[in-house]
Amino acid sequence: MTVAAILKVKGSHVETTSPGTTLYSVAWELKVKNIGALVVMSEDGATILGMISERDLVRGLSEHGAQLQALPVSKVMTTPVLTCTPEERVTAVMVRLTRHRVRHLPVVDGGRLAGIISIGDVVKYRLDELELEANVLRETLIVSH
């Protein structure tokens, strides 16, 4: 299956921020929305500039201490950003997430941000797929007996 299948269930909405947003605002937004990362977009919304995640905030805290909350996103965001496309296979995305030790991948379609998937989305999708396979096997066994 493909990334598009995950987005079909999850939706394509992506929480974004700009590079000048304070890290205090980012931390608050992550908390209130119960999410782990924001995509950092250019002011015109056309270009992905970076990602800011909980992990980036922790690393920034160790480098900048209490001053962290006043700093702009651009000081600690992750760049360059790994992305995927809707046509990519979920298994290939799983490998990329694991190999690069990231938890979120923006989905880019035709050069535009089309969604975001997380390791949690990929695991949920895979578990649903396995459950479906198990149900088919159960039904096959019941019918054959």
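Where is the place of E43? In this predicted model, E43 is located in the loop that lies between β2 and β3. The residue is exposed, its relative accessible area of 67% being over the 50% that marks exposure. E43 touches S18 and P19, when residues up to four places away in sequence are not counted. G20 and E43 are separated by 23 residues in sequence, and their C-alpha atoms are 9.5 Å apart in space.

In general, the strands of a sheet are paired through backbone hydrogen bonds, in either a parallel or an antiparallel sense. Here, β1 and β2 are paired in the parallel sense over two bridges, whereas β2 (residues 37–41) and β3 are paired in the antiparallel sense over five bridges. V39 takes part in the description of both pairings: it stands opposite M51 in β3, and T16 stands opposite V39 in β2.

Two helix pairs involve α5. Helix α4 (residues 90–100) packs with helix α5 (residues 119–144) at an angle of about 140°, and their axes are 10 Å apart. The arrangement of α4 relative to α5 is therefore oblique. The crossing in which α4 passes α5 is left-handed. On the α4 side the contact is made by V90, V93, M94 and L97, and on the α5 side by I119, V122 and Y125. By class, the residues of this contact of α4 with α5 comprise seven nonpolar, no polar and no charged.

In the second pair, the axes of helix α1 (residues 3–10) and α5 come within 11 Å and cross at roughly 95°. An angle in the range of 65 to 115 degrees counts as roughly perpendicular, and α1 and α5 are therefore roughly perpendicular to each other. In this contact, A5, I6 and K10 of α1 meet D121, V122 and Y125 of α5. The residues of the contact of α1 with α5 divide into four nonpolar, no polar and two charged. V122 and Y125 of α5 are listed in the contact with α4 and also in that with α1.

Particular backbone features were found in loops. A cis peptide bond, with omega of about -5°, joins T79 and P80; P80 is placed in the loop between α3 (54–64) and α4. N34, although not a glycine, has a positive phi of about 55°. This residue, N34, is situated in the loop between α2 and β2, and counts as exposed at 72% relative accessibility. R101 likewise has a positive phi of about 55° without being a glycine. The loop between α4 and β4 (104–109) contains R101, which is exposed with a relative accessible area of 66%.

Key. Residues are numbered from 1 along each chain as its sequence is written. This is a predicted model: local features need pLDDT of at least 70, side-chain atom pairs count only at pLDDT 80 or more; totals for chains, interfaces and linings use all residues. Side-chain values use heavy atoms; hydrogens and water are left out. Two strands pair if DSSP finds at least two bridges between them. Helices (H or I, at least four residues) and strands (E, at least two) are DSSP runs, numbered from the N terminus. Axes are lines fitted to C-alpha atoms, for helices over the stretch in contact, and angles run from 0 to 180 degrees between N-to-C directions. Angles under 35 degrees count as roughly parallel, over 145 as roughly antiparallel, 65 to 115 as roughly perpendicular and the rest as oblique. A crossing is left-handed if the near helix is turned anticlockwise from the far one by less than a right angle, and right-handed if clockwise. Contact means heavy atoms within 4.5 Å. Ala, Val, Leu, Ile, Met, Phe, Trp, Tyr, Cys and Pro count as nonpolar, Asp, Glu, Lys and Arg as charged, and the others, Gly among them, as polar. Buried means under 20% relative accessible area, exposed over 50%, partly exposed in between (1.4 Å probe, protein chains only).
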